[in-house]
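Hi everyone, thanks for coming. I'd like to walk you through a few spots in one structure, so please have the viewer open.

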Amino acid sequence: SFVEESAGKNAFESYDEVISFLQSGQAYAYIEMYGYDGKVLLVTENTFVDADGKTVAMQAGAYALIEDEVWYVTAVSSDGTARPLAVKDGILMEAEQHGVSGYFFVPEGDAVMAKFSVYESFDADGNVEYGGFVRQTNSFDESDETWISTEEEYQNCYEEYLSATPIEFTVV
């Protein structure tokens, strides 16, 4: 992440140390994520003010305290200001015009995995295809993935994103 490049290292003593490497205009937020015990730190290089006056972002890197050190665990990115990063019920979400994904932690709390990742695509004739998957649990040990192929299944995931709360960032 840009913080690791700035710091010249991959592990940090605390979230405060990660934040100390942010430059003017960069920002951070704390969120709770399903499967993780504690707060997760998000950092971003760019924010914008949404229609509700909240300072939000389209992309961020996530950091978590794992075995007494803070590590970069994932990146999330939406494709436009109409779709800022959001969270609902501990699921960190990103969205694009034709796709949406949500993330949570594995039960051990040391890695992030996708809860769902769905898309719609169109061929040259305008025919639509839906694809992707939804997991019921945050474990790779369970085979609980449902592969989606219908508009209704796709829309259900997109509605989860639309009902999520945009993440509000604090600018340095």
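**A short tour of the model**

Let's begin at Ser 78, which sits in the loop that runs between strand 7 (69-77) and strand 8 (86-88). Before going further, please keep in mind that this is a predicted model.

Is Ser 78 buried or exposed? With a relative accessible area of 6%, Ser 78 is buried, because the cut-off for that word is under 20%. What does its side chain reach? The answer is the backbone nitrogen of Ala 95, at 2.9 Å. If we set aside neighbours within four places in sequence, Ser 78 is in contact with Met 58, Arg 83, Pro 84, Leu 85, Glu 94 and Ala 95. So Ala 95 turns up both in that list of contacts and as the partner of the serine side chain, by the 3.5 Å limit for a polar contact.

Pro 84 takes us to the next stop, as one of the residues lining the largest pocket. That pocket holds about 150 Å³ of space. Along with Pro 84, the lining is made up of Asp 50, Thr 81, Ala 82, Ala 86, Tyr 161, Leu 162, Ala 164 and Pro 166.

How many aromatic pairs does the structure hold? There are eleven. Take Tyr 154 and Tyr 158: their ring centres are 5.9 Å apart and their planes stand at 45 degrees, so this pair is tilted. Elsewhere, ring pairs link Phe 12, Phe 21, Tyr 63 and Tyr 72 into a cluster.

One last stop: Gly 109. You'll find this glycine in the loop between strand 10 (99-105) and strand 11 (112-122). Gly 109 counts as buried, at 10% relative accessibility. Not counting residues up to four places away in sequence, Gly 109 touches Gly 35, Tyr 36 and Ile 66. And how far is Gly 109 from Val 3? The two are 106 residues apart in sequence, and 22 Å apart in space from C-alpha to C-alpha.

That's my tour, and I'm happy to take questions.

Key:
Residues numbered from 1 in each chain as written. Predicted model: local features only at pLDDT ≥ 70, side-chain atom pairs only at ≥ 80, totals over all residues. Heavy atoms only, no water. Phe/Tyr/Trp six-rings, centres within 6.5 Å; stacked < 30°, edge-to-face > 60°. Helix = DSSP H or I, 4+ residues; strand = E, 2+ residues; numbered from the N terminus. Buried < 20%, exposed > 50% of the residue type's maximum accessible area, 1.4 Å probe, protein only. Polar contact = N/O pair within 3.5 Å; in protein donor to acceptor, adjacent residues only side chain to side chain. Contact = heavy atoms within 4.5 Å. 1 Å grid on protein atoms, 1.4 Å probe; cavity = no way out; pocket = protein on both sides within 12 Å on 5 of 7 lines; lining within 4 Å. Points joined across faces, edges and corners; volume = space filled by probe spheres on them.
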